[in-house]
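Please look over the structure shown below.

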Amino acid sequence: MNVITKTVQLPDGRTISIETGKVAKQADGAVVLRMGNTVMLATVCAATEAVPGTDFMPLQVDYREQYAAAGRFPGGFTKREGKASDSEILTSRLVDRVLRPLFPSDFHTEVYVQVILFSADNVDQPDALAGFAASAAMAASNIPIECPISEVRVGRINGKYVIDPTFQQMSESDMDVMVGATKDNIMMVEGEMDEVSEQDLIGALKAAQEAIQPMCQLQEELSKELGTDVKREYCDETNDEDLRKQVKDELYDKCYAEAQASDADKKHRETTYDKIKTDFVTEYDAAHTDLSEEDLNEKHAEIDRYFADVQRDSMRNSVLDTRKRMDGRALDEIRPIWCEVSPLPMPHGSAIFQRGETMSLSTCTLGTKMDEKQIDNVLEKGYQRFILHYNFPPFCTGEAKAQRGVGRREIGHGHLAWRALKDQIPENFPYTVRLVSEILESNGSSSMATVCAGTLALMDAGVPIKKPVSGISMGLIKDGDRYAILTDILGDEDHLGDMDFKTTGTKDGLTATQMDIKCDGLSFEILEEALMQAKGAREQILEKMLQTMPEPRKDLKPQVPRIEAFDIPKEFIGAVIGPGGKIIQQMQEETGATITIDESDGKGHIQVSAPDKKSIDSALARIRSIVAIPEVGEVYEGTVRSIMPYGCFVEIMPGKDGLLHISEIDWKRLDRVEDAGIHEGDKIKVKLIDIDSKTGKYKLSHRALLPKPEGWVERERRPRREFGDRDHDHDRRNYHEHRRFEHHDHQETPDNETPQNDSGKQEE
């Protein structure tokens, strides 16, 4: 083995090591990355030659986490890792977006990057290390790539930027930003923030760039030591320079004119560009009848590539020359906006947001705790009460094809919109919230339309969001020292431009961002200018949204299930649930309400939901009677549970019984409880007259609720010693044998009547 190990130190003193030459030696490149107890393997393999006809970069990045890494079993019946989770797909996208622009434009060979997490201890966050590991594997191979990259996570704690914060540190941070970069340039940014300023984000990018530089230097040293700094030769394209020049000479002016046709919409531009290319191909074929069909097909593929270059150059130059865009807008102008709330009658909330030729129809559904999304990832277990799904059907771009399963792009765009909105849901809002964005039309920045439509749908549903959120996508065209920052980019401006920079925020600051940069040498000054231009655009969009709906609805719609949420002391949780869930199941069956209890934090958080108020009130009354603490002097309607010779036991609250002594049933003397017409199961009103300070037993009285007989007074109680040391039950049985009462005119009271003193308390 030729094992090589290199290390790099983070600003806080922690180290990351890269080791190669020990495992996975049959891959083109393989490294093992270690940071503390976190260990991951990154491998890269490339085919020997490109598939004929391929005109793009077929890169596939897969990040996977083994459950054994955290000492856990996978869920499900098979107990085996299955398809990639959303979090694994999101990490894969983060790596892909940084690596892809660095491959040569004429390299079309299939490349597969796989990163596997083998060990993790819930201290360091492994997703921030995947990009570093993948690039190091690329550096250990001879696969052609422009330069190494790395990725870091940036947090901010107490105003200080922290590189690759731990899980614990992350809980104290007001930003979570992933940054991918080369030694010289920022390539990718994605993250969420707690309404921070644009300058704060720029500060995070600068801190990330500084931390990434030594990581890239390490990879360059590793590549030289392995001899892989000289990359493999390849020939994935056959080019005809004369034909390239002919396409440019004949078609550039036509494409430039179309780029300035400000009255054209997306469909018209597509049709016009297709006609320009088709006419050229027709003329070319007519002029080259000597070529075989196979040769002509090869020439057609070359024409497609050359025409794409002409189309790109003409659009970019048109913007830089005239400071006008393809649809005639100024650089900082937003497309026309149209909003509508409640377009659908039955969803709990709905809204349409249209900006230019991009439209999102978003719906909001409110559910109970039972509807929360369960998270069961390798390093994360829990529940998610705010869910956002983004759908991009083919018809939104006019494509004639079937809609398949959810793709990586849909997961990524939905996650960005989720990050933008999630912190605006109040923590004490009892509902589980699901937003679904259906993109009905698309011509640039559908994820930002999702944020705007989602905000309106939440307000239409009556969700008391903290602040409304809007979003905008910024573009860039740069050629040397000339550049143009574009507000609210079109699809073509995204595809042919140098930057796609999405930002979302409230009136007080940024909540999420995503940026992909395709050019070199982008300065922080340009980034800051783009951020400030985006801020003004977001404020304009927010104003339009608030004109449509200035604030959330005060009340929920009639079809929304009602939920009451409250907390109970943890010692009462068992009483509410009952043995084997008997009590809570009985309450749900009798009231028709759904009752959930969350005791994850040691407290009893109860939610009661039902389609009508009567069911909720009934369930609330039952629960509150269980958790209520009886108070002396209060009157209760109880149920007689058992009858004894000395009285009866009455249940005044669920699980709380008190003694109604025979002497406290009526003013007259009773020999038996049944003489008062009391039987087991009867309802009876009683007053709680005392709680034994030692035993906690409840002493009840029904007599205290009856009118006191006129003229009756209670004789002074006899000393306790007359009862001797006889047990309490025996004293109760002989209670009446030691009582005498007098009438106020000194006439003796009948033996069957029981007296009471002036204070209303029985004599013992």
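What follows is a description of a predicted model, going from the whole chain to single residues.

## Overall form

The protein has 764 residues, and 52% of them are buried. Its secondary structure consists of 15 helices and 29 strands. The C-alpha trace covers about 140 × 65 × 50 Å along the principal axes. The radius of gyration is 38 Å, while a compact globule of 764 residues would come to near 27 Å.

## Salt bridges

Side chains of opposite charge can pair when their charged atoms come close. The structure holds 58 salt bridges.

| Pair | N to O distance |
|---|---|
| Arg97 and Asp516 | 2.8 Å |
| Arg419 and Glu190 | 4.0 Å |
| Asp488 and Arg355 | 2.8 Å |

In the salt bridge of Arg97 with Asp516, the closest N and O atoms are 2.8 Å apart. Arg97 belongs to helix H1 (residues 86-99) and Asp516 to strand S21 (residues 509-517), so this pair ties together parts that are 419 residues apart in sequence. Are these two residues buried or exposed? Arg97 counts as buried because its relative accessibility is 12%, under the 20% cut-off. Asp516 has a relative accessible area of 19% and is therefore buried as well.

Arg419 and Glu190 form a salt bridge with a distance of 4.0 Å between the closest N and O atoms. The arginine is in helix H8 (residues 408-421) and the glutamate in strand S10 (residues 186-196), so the pair ties together parts 229 residues apart in sequence. Arg419 is buried at 10% relative accessibility. Glu190 is buried too, with a relative accessible area of 5%.

The side chains of Asp488 and Arg355 meet in a salt bridge at 2.8 Å, N to O. This pair links distant parts of the chain, 133 residues apart: Asp488 is in the loop between strand S19 (482-487) and helix H10 (491-496), and Arg355 is in strand S12 (residues 349-355). Both residues, Asp488 and Arg355, are buried.

Ala24 sits in the loop between strand S2 (15-20) and strand S3 (29-35).

Why is H2 described as largely enclosed by the rest of the structure? The reason is that 10 of the 10 residues of H2 are buried. The buried residues of this helix are Ala130, Gly131, Phe132, Ala133, Ala134, Ser135, Ala136, Ala137, Met138 and Ala139.

Asp124 is in the loop between strand S6 (111-119) and helix H2 (130-139). It is buried, with a relative accessible area of 7%. The C-alpha atom of Asp124 is 7.0 Å from that of Thr38, and the two residues are 86 residues apart along the chain.

## Exposed sites

A negative surface patch is made up of Asp290, Glu294, Asp295 and Glu298. One of these, Glu294, is part of helix H7 (residues 293-322). Glu294 counts as exposed because its relative accessibility is 56%, over the 50% cut-off.

Pro550 is found in the loop between helix H11 (524-548) and strand S22 (562-568). This proline is exposed, with a relative accessible area of 61%. Pro550 and Val189 are 361 residues apart along the chain, and their C-alpha atoms are separated by 32 Å.

Technical notes: Residues numbered from 1 in each chain as written. Predicted model: local features only at pLDDT ≥ 70, side-chain atom pairs only at ≥ 80, totals over all residues. Heavy atoms only, no water. Patch = residues over 30% accessible without salt bridge, like charges linked within 9 Å, V, L, I, M, F, W, Y side chains within 5 Å. Areas by Shrake-Rupley, 256 points an atom, 1.4 Å probe, with all protein chains shown as cover. Lys, Arg positive; Asp, Glu negative; His and termini not counted. Charge placed at Lys NZ, Arg CZ, Asp CG, Glu CD. Helix = DSSP H or I, 4+ residues; strand = E, 2+ residues; numbered from the N terminus. Buried < 20%, exposed > 50% of the residue type's maximum accessible area, 1.4 Å probe, protein only. Rg over C-alpha atoms; globule rule 2.2 N^0.38 Å.
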